[in-house]
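Reader: I am new to this structure and would like to understand the words used to describe it. Could we take them up in turn, starting with the overall layout?

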Amino acid sequence: MSAGVAALLFAQAFVRLRRRRAEHAPWTRPVLFSVGLALLVLPLVSPLDEWGDDRLLSAHMLQHVLIGDGAAALLIVAVRGPLVFFLLPPSLLRPLGAFRPLRALLSALLLPLVSLGLWTTAILAWHVPRLYDYAAAHPAVHDLEHLGFVVTGVLAWMQLVDPARHGRLRRPQRIFFALAMLAITQPLVDVLLFSSAPRYDRYASPADRLFGLSPLTDQRLAGAVMMVEQLLTLGICVALLLRPYLVERRARVRPALSHR
């Protein structure tokens, strides 16, 4: 249901903006939004959800990084610029904008250090073995865990993409924000990759082992999944943030070379 509401809000925003300024609503945006929404929904309704419940730690980890990082990144990129201001119709935007407690809460959550702190807490706390196993065994807590990943992922990517151009962070600061996210997850990745024994009891002796993976191999694969996904998403983000500096440097170098 939430995915359907999100799709409807995006569709009406895209149509409204395209009628006014089509150049601000290119057709790449629905594609990005659709892929982001798919990455948010499919991991929760596909066999990946069943595999991750108590059979493969790596499947559970893949589910987490897809909904909390990949989906969040694509959804925020899809609505960046003027489009973000059209997501809520005027009949909803006006009363919500006038509701001061909500504005104060959002302003606090979108402080860069607060966003990073909440994201860090969600990533590290929910991967403590006891909490991780407990959440996997209790559906309500598991849903809360997933919600935490999605919300804090959106907050973090709001800082990196800055869809409304609020300028809370300058471009160099956004680069360091992305690098900080990589640094924060590295100890967890190291534990998963280099531990000599399984850390998560729920996956230590699965009744039906998939693909013949041993618990230790499965745990190391989970670490590799997190590492590769973080390097891919955050690496692309850093590369795009660095691109203007590289273009500017090339523009400076070319005249100098032509005069030699």
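Author: Read along the sequence, the chain follows the pattern α-α-α-α-α-α-α-α-α-α-α, with 11 helices and 0 strands, where helices (H or I, at least four residues) and strands (E, at least two) are DSSP runs numbered from the N terminus. This is a predicted model, in which local features need pLDDT of at least 70 and side-chain atom pairs count only at pLDDT 80 or more, while totals for chains, interfaces and linings use all residues. Residues are numbered from 1 along each chain as its sequence is written, and side-chain values use heavy atoms, with hydrogens and water left out.

Reader: What makes the pairing of Glu-50 and Arg-55 a salt bridge?

Author: A salt bridge is a side-chain nitrogen of Lys or Arg within 4 Å of a carboxyl oxygen of Asp or Glu. The side chains of Glu-50 and Arg-55 meet at 3.3 Å, N to O, and therefore form a salt bridge. The structure holds 2 salt bridges; in the one between Arg-21 and Glu-23, the closest N and O atoms are 2.4 Å apart.

Reader: How do you know that Arg-29 has no salt bridge?

Author: The nearest side chain of opposite charge, Glu-23, is 11 Å away from Arg-29, and a salt bridge needs the atoms to lie within 4 Å, so Arg-29 is buried yet has none. Arg-29, which is found in helix α2 (residues 28-45), has a side chain that reaches the backbone oxygen of Arg-80 at 2.8 Å.

Reader: What makes the buried residues of α8 line one face of the helix?

Author: In helix α8 (residues 129-137), Tyr-132, Asp-133, Ala-135 and Ala-136 are buried. Seen down the axis of α8, these buried residues fall within an arc of 160 degrees, so they line one face of the helix; the arc is that of the directions from the helix axis to the C-beta atoms. What covers the buried residues of α8 includes α3 (47-54), α4 (57-78) and α9 (139-161).

Conventions. Buried < 20%, exposed > 50% of the residue type's maximum accessible area, 1.4 Å probe, protein only. Lys, Arg positive; Asp, Glu negative; His and termini not counted. Polar contact = N/O pair within 3.5 Å; in protein donor to acceptor, adjacent residues only side chain to side chain. Contact = heavy atoms within 4.5 Å.
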